[in-house]
Amino acid sequence: MSETAYRIHGATGEWEVVIGLEVHAQITTHSKLFSGASTTFGAEPNAQVSLVDAAMPGMLPVPNRECIRQAVRTGMAIDAQINKWSRFDRKNYFYADLPQGYQISQLYHPIVGEGAIEIQLDDKNPENTKTIGVERIHVEQDAGKLMHDQHPTMSYVDLNRSGVALMEIVSRPDMRSPAEAGAYLSKLRTVLRYVGSCDGNMDQGSMRADVNVSVRRPGEPLGTRTETKNVNSVRFVMAVVEQEAKRQVGVIEDGGKIVQETRLYDPDRNETRSMRSKEDAHDYRYFPDPDLLPLVLDDAFVDECRASLPELPDAKRHRYETALGLSPYNAGVLTADVETARWFEHLLAESATKQGKREGEVAKQAANWLTSEFFGALNKLGKDLFSSPIGPEGAAGLLALIGNGTISGSIAKQVLEKMLETGDSADVIVDREGLKQTSDTGAIEAAVDAVLAANADKVEQYRGGKEALFGFFVGQTMKAMQGKGNPGLVNQVLKAKLG
Amino acid sequence: MSELTDLGIAAIRDGVATGTFTATEVAGAFNAAVAEAQPALNAFIVTTPDHALAAAARVDADRAAGKPLGTMAGVPIGMKDLFATKGVQTTAASHILEGFVPQYESTVSQKLWDAGAGMLGKLNLDQFAMGSSNETSAFGNVVSPWRREGDTAAIAPGGSSGGSSAAVAARLAPAATGTDTGGSIRQPAAFTGISGIKPTYGRCSRWGIVAFASSLDQAGPMARDVRDCAIMLEAMAGFDPKDSTSLDLPVPAWDAGLSPDLRGKKVGIPREYRVDGLDADVAKSWDDGIAWLKDAGAEIVDINLAHTKYALPAYYIIAPAEASSNLARYDGVRYGLRDLPDGAGLQDMYAATRAAGFGAEVKRRILIGTYVLSAGFYDAYYTQAQKVRTLIARDFKDAFQTVDVILAPTTPTAAFGLGEMVSDPLAMYLNDVFAVPASLAGLPAMSVPAGLNAQGLPLGLQIIGRPFDEQGVLNAGLAIEHRANFIARQEKWW
């Protein structure tokens with residue numbers, strides 16, 4: 001790592017950047033953390049507000065078991081300590097989007113303690129990893145939303161998000177470059193989506209990060225950090241780290257001091273701006289919420305959480321490489337998102353059935369086709385796996401035709417295009433368009449003869465030792481046969497005839 | 001019909017059931033008494049005669065149809081205006097909630113309606129239940145029906161459930177709900193010569209009760225006698241999944257289990273409650289109580305509750321701390337008062353709304369609570385107070401290894417006059433000195449009338465029990481009631 005370490009090259013020398021992330025992830029549940037109100041995104045303002053969420057007098061919070069369960073499962077997925085005794089605290093401050101006048105959170109006794117996430121620093125080399133510590137995960141309520149565009153002089157309040165369950169996942173200050181911060185956030189998102197505890201939709205606000213950045217001379221103690229709030233994409237997190245580190249180096253090198261403060265990121269200008277400094281920071285007056293008893297998890301609950309965990313991304317990636325024989329690159333791409341992995345495994349099962357083989361025997365074919373041919377074709381159309389007109393069954397049909405020699409790889413490309421265009425199955429297209437591969441030796445020999453006759457000069461050169469021309473003859477023969485010649489047989493016949 | 005208002009819960013219920021009178025007649029009699037007394041006593045913030053009559057009509061119809069009747073069937077009661085009542089203004093006696101009409105019914109009030117009770121009105125109280133004299137209400141003082149002998153000066157009904165105590169003592173209601181955070185059922189009961197019990201923390205759901213200090217708030221009944229308290233508490237108590245601190249235990253049959261026979265029981269007398277300069281009449285009534293319980297067969301045991309003197313300071317840290325947070329929701333944004341000066345921003349609106357909406361005592365406690373939770377002070381105050389709370393609970397736990405119940409005065413003095421204490425909040429807080437320890441420990445505790453002091457004002461005796469042992473508390477209360485024979489009542493002057 002040392003020769004590639006990320007450094008800011010300041011006027012006075014090199015600087016190291018130190019990054020920690022606090023990620024807020026909305027827990028995927030139908031109802032809020034302490035009330036039965038719905039959590040669906042995009043409802044009419046204030047359509048999903050219970051008496052509890054609106055903090056009507058005398059209303060009381062009751063913890064939602066499913067939210068607790070998802071937090072515990074998330075903790076297990078990052079191999080973290082699960083605290084069987086935890087407690088909710090109130091974080092007190094006034095704001096119009098906070099009906100209770102306090103947020104119920106967990107400061108002193110979080111439900112999940114120390115854990116870790118392994119990030120890959122290089123797609124091509126899975127051995128190049130780094131472990132990022134996770135200090136804690138706690139559960140807390142989200143606030144509502146102010147709407148400033150509804151009235152010329154008044155602000156409106158939408159409480160739909162008020163009380164929605166969040167996990168706050170706090171990393172150790174273990175990241176040292178924008179790329180590491182980006183990789184950590186991506187990996188965390190992957191894990192959450194595997195576990196099913198958060199949908200990871202950053203554009204809908206389901207996941208957002210507070211980015212803590214400081215700079216120092218390599219090897220020296222930590223510098224003063226700033227916290228840039230509510231950054232909502234991997235790209236922006238990387239940009240924040242880069243811009244904020246540069247800014248801090250500039251300030252220090254100009255003889256200034258970094259103030260511990262909260263900042264905001266402006267993506268349009270790609271810069272961070274001061275929001276409030278420590279001096280006017282809130283005194284949140286945290287204290288244990290007297291409306292709630294300590295949260296005590298029994299063994300049965302914890303066991304169920306563990307038993308319900310799916311195969312996690314690192315394990316799956318490892319299995320793809322070892323049991324399925326996939327390349328590290330393919331294993332990485334196919335496991336980066338749980339839905340992609342599911343799609344692939346569905347394709348694998350269908351392919352094995354259709355081709356009468358074991359999954360391990362069709363895995364490479366399926367993985368290569370998926371990552372090169374299919375992703376490329378979808379990309380051209382501006383689609384992805386989940387908006388594709390072809391599902392895993394349809395794709396398996398196409399792969400089976402390649403596998404059993406009915407069509408060649410190059411014909412398969414045409415068939416795929418037609419499938420995407422028409423939605424018809426590979427079988428139907430191959431039949432209709434007469435694309436079946438020819439294994440008729442007579443037809444191949446006739447085509448080869450014609451090609452050799454038309455290129456007598458090249459035949460001479462080949463026989464004179466220019467063996468590289470073999471590919472040219474193959475290409476010409478296939479062209480003459482509109483790509484339908486069985487490539488193996490074409491090779492065989494050419495070899496024989498060229499002597 | 002006037003004698004109907006002399007009847008308590010059991011007598012009314014049984015009379016309605018046997019057809020001696022109708023529930024409608026009872027409701028009418030109490031509605032009339034309420035209307036007549038309201039100008040002088042100001043016990044109610046709003047009266048709801050129609051609610052009482054409608055509930056009575058349902059009971060009379062059910063009886064006529066031969067349907068089974070509830071345990072409170074035909075009993076009209078007063079509802080402390082801290083309980084949210086659907087469609088009926090609920091204010092916590094604060095200007096900040098004036099005009100607020102909940103769209104929901106508190107669990108406890110719903111249980112009472114389900115048991116066949118009706119509502120005479122919403123009872124006045126100290127604002128947000130903060131006070132010991134009912135002088136902090138935004139809707140005016142409640143005047144106790146009691147007067148010192150030969151004097152017409154207005155007497156405090158106690159607080160915070162001062163409307164409840166005055167209404168029951170003046171025969172405006174056979175019973176009323178109260179809530180007790182640091183004595184708010186027991187102290188007003190003692191001041192007005194009635195009975196009241198604060199059950200074990202968690203017995204009654206807090207759902208729909210305007211919160212003061214969540215870890216201490218408990219609802220309970222205030223009534224003429226111990227048996228009525230038992231009947232009404234049975235109707236109010238029970239597990240509520242909507243309150244995380246609610247006790248998931250069956251409700252015992254307290255009424256059926258009543259027995260004044262204390263043979264084999266031990267009664268603890270805490271030395272620390274015999275404070276220097278204890279009022280002579282109060283000391284005498286305590287001695288009377290000891291003698292009565294002995295007479296009922298109990299063995300008297302001196303006990304130590306070593307940390308008693310720290311209870312009041314700890315209480316006045318914990319309760320305001322919780323209150324400062326609980327009352328943050330009254331911000332002018334969603335309901336209740338909004339004071340929005342011209343051109344005001346959000347912070348200005350908060351400041352103006354809360355300045356105009358909260359009374360002085362509420363502001364004082366919000367400030368104290370905010371202070372003790374602040375960075376730099378939290379450990380010195382809040383953490384320390386929580387430690388004291390633990391020690392006080394341990395004192396009780398140790399004592400209950402030996403004794404079954406504890407007997408002490410409810411208050412250090414009889415009722416004071418309105419206006420006599422307002423200028424000295426600390427002296428006012430001292431009124432809770434005997435009530436607060438049981439609150440901090442979450443224990444069941446009740447006050448029963450023990451007699452009159454030299455000036456002719458009632459005195460109460462307090463019985464504190466083990467967690468969940470309301471029965472033991474009620475039984476000791478019953479033993480005192482049988483012997484104190486408290487029949488004194490204020491001649492009607494209102």
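Student: In which helix of chain A does Ile411(A) lie?
Tutor: This is a predicted model, so read every value as computed from it. Look for the helix of chain A that covers residues 409–422. Ile411(A) falls in that stretch, in helix H10 of chain A.

Student: Is Ile411(A) buried or exposed?
Tutor: Count the other C-beta atoms within 10 Å of its own; 20 or more make a residue buried. Ile411(A) has 22, so Ile411(A) is buried.

Student: Leaving aside neighbours within four places in sequence, which residues is Ile411(A) in contact with?
Tutor: Start with Gln482(A), which is 71 residues away along the chain. The C-alpha atoms of Ile411(A) and Gln482(A) are separated by 9.0 Å. The contacts of Ile411(A) beyond four places in sequence are Leu435(A), Gln437(A), Gly483(A) and Lys484(A).

Student: Which domains does the assignment give for chain A?
Tutor: Chain A has 15 helices and 16 strands. The domain assignment divides chain A into domain 1 (2–305), domain 2 (313–433) and domain 3 (441–498).

Student: How many residues do domain 1 and domain 2 of chain A each give to their contact?
Tutor: The C-alpha centres of these two domains of chain A lie 37 Å apart. Their contact takes 9 residues from domain 1 of chain A and 8 residues from domain 2 of chain A.

Student: Which element gives the largest share of the side of domain 1 of chain A that touches domain 2 of chain A?
Tutor: Two elements give two or more residues to that side: strand E6 (115–120) and helix H2 (178–195) of chain A. By class, the side has 3 nonpolar, 2 polar and 4 charged residues. The largest share is 4 residues, and it comes from H2(A).

Student: What distance separates the end C-alpha atoms of H2(A), and what span should its 18 residues have?
Tutor: Take 1.5 Å a residue for H2(A).

Student: How many of the 18 residues of H2(A) are buried?
Tutor: H2(A) is mostly covered. Just after H2(A), Gly196(A) takes a positive phi of about 85°. Within H2(A), the buried count is 15 of 18.

Student: Which residue in E15(A) is the bridge partner of Asp89(A)?
Tutor: Strand E4 of chain A covers residues 89–92. E4 and E15 of chain A run antiparallel, joined by 2 bridges. The partner of Asp89(A) is Pro288(A).

Student: What radius of gyration does chain A have?
Tutor: A compact globule of 499 residues would come near 23 Å. The C-alpha trace of chain A spans about 90 × 55 × 55 Å along its principal axes. Buried residues make up 41% of chain A. The radius of gyration of chain A is 30 Å.

Student: Which helix supplies the largest share of the side of chain B that touches chain A?
Tutor: The contact takes 34 residues from chain B and 26 residues from chain A. Helix H9 (311–326) and helix H10 (346–357) of chain B each supply at least two residues of the chain B side. That side divides into 17 nonpolar, 10 polar and 7 charged residues. The largest share, 3 residues, comes from H9(B).

Definitions and conventions: Residues are numbered from 1 along each chain as its sequence is written. Chains are lettered from A and ligands numbered from 1 in the order in which they are written. This is a predicted model: local features need pLDDT of at least 70, side-chain atom pairs count only at pLDDT 80 or more; totals for chains, interfaces and linings use all residues. Two residues are in contact if their C-beta atoms, placed from the backbone, lie within 7 Å. Ala, Val, Leu, Ile, Met, Phe, Trp, Tyr, Cys and Pro count as nonpolar, Asp, Glu, Lys and Arg as charged, and the others, Gly among them, as polar. The radius of gyration is taken over C-alpha atoms; the globule rule is 2.2 Å times the number of residues to the power 0.38. A residue is buried if 20 or more other C-beta atoms lie within 10 Å of its own, exposed if 12 or fewer, and partly exposed in between; C-beta atoms are placed from the backbone. Domain bounds come from an automatic or database domain assignment. The expected span of a helix is 1.5 Å times one less than its number of residues. Two strands pair if DSSP finds at least two bridges between them.
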